Amino acid sequence: MAYKLNFELVPDGCWKSNLRYILSKEQWDFLKKDAKERANGQCVICGKKTKFLDAHERWSFDQEKCVQKLEDIIAVCKDCHSVIHIGFTSIKGDIERAENHFMKVNNCSYVEYRKALGEAVERHKQLNQVSEWGINLEFLNRYIK
């Protein structure tokens with residue numbers, strides 16, 4: 001089933017391959033600001049209106065080419081971001097709130113939540129079979145004039 005809000009478990013080998021580590025603070029701040037402006041003050045996933053939006057990097061992973069590709073930078077509320085990064089959320093100990101938010105946004109049951117989480121974990125295991133990932137940042141070309 002396709003959900004509005006999904007888990008995005010990043011392969012272990014890509015944890016430090018994100019824009020906050022690659023770019024300068026000024027460059028990352030520019031991209032965050034752009035994502036928030038495009039969102040018009042609301043979470044692009046659940047629609048919640050808030051002044052406190054996080055910038056979230058959307059990546060795709062091509063196992064055959066061993067490349068992680070930046071697809072977008074979106075503005076999300078804290079609750080959606082906690083679901084997207086469910087592994088980190090579980091370490092912090094705020095899993096129940098994330099579970100409830102996933103079920104509310106996706107209008108699904110706890111059983112469906114657990115099934116989606118299980119599928120995400122299996123995908124994560126598959127992606128972890130790649131030991132070293134290349135990185136594709138072509139998305140950022142839109143900011144270069």
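Where is Asn40 found?

1. Asn40 is found in the loop between helix 2 and strand 1. The model under review is predicted, so every remark below is about a computed structure. Asn40 comes after helix 2, and its phi is positive, near 55 degrees. That value occurs although Asn40 is not a glycine. The residue is exposed, with a relative accessible area of 68%.

2. Asn107 can be read alongside this. Its phi is near 50 degrees, again a positive value in a residue other than glycine. Asn107 is found in the loop between helix 5 (95–106) and helix 6 (110–127). Its relative accessible area is 71%, so Asn107 counts as exposed.

3. Helix 2 covers residues 25–39, which makes 15 residues. At 1.5 Å a residue the helix should span 21 Å, and its end C-alpha atoms are 21 Å apart, so expectation and model agree.

4. Which residues of helix 2 are buried? They are Trp28, Leu31, Asp34, Ala35 and Ala39. These residues cover an arc of only 135 degrees around the axis, which means that they lie on the same side of helix 2. The face turned away from that buried side carries the exposed residues Lys25, Glu26 and Lys33.

5. The buried residues of helix 2 pack against three elements: helix 1 (19–22), strand 1 (53–62) and strand 2 (67–77). A student can trace these contacts by starting from the buried side chains named in point 4.

6. The sheet is open and has three strands in the order 1-2-3, with mixed pairing. Strand 1 and strand 3 (134–136) are the edge strands, each pairing on one side only. Direction ignored, neighbouring strands of this sheet are turned by 40 degrees against each other on average. Helix 2 packs on the sheet, where it touches strand 1 and strand 2, and its direction makes about 55 degrees with that of strand 2.

7. How many bridges join strand 1 and strand 2? There are ten, and the two strands pair in the antiparallel sense. Phe61 has Gln68 in strand 2 as its bridge partner, while Leu53 stands opposite Cys77 in strand 2. The two strands form a hairpin with four residues between them. Cys66, in the turn, has a positive phi of about 55 degrees.

8. Strand 2 and strand 3 pair in the parallel sense, over three bridges. Gln68 has Ile135 as its bridge partner in strand 3.

9. The cysteines deserve a separate check. A search of the whole structure finds zero disulfides. Cys43 is buried, with a relative accessible area of 2%.

Notes. Residues numbered from 1 in each chain as written. Predicted model: local features only at pLDDT ≥ 70, side-chain atom pairs only at ≥ 80, totals over all residues. Heavy atoms only, no water. Expected span 1.5 Å × (residues − 1). Buried < 20%, exposed > 50% of the residue type's maximum accessible area, 1.4 Å probe, protein only. Arc of directions from axis to C-beta. Contact = heavy atoms within 4.5 Å. Disulfide = S-S within 2.5 Å. Pairing = 2+ DSSP bridges. Axes fitted to C-alpha atoms, helices over the stretch in contact; angles between N-to-C directions.
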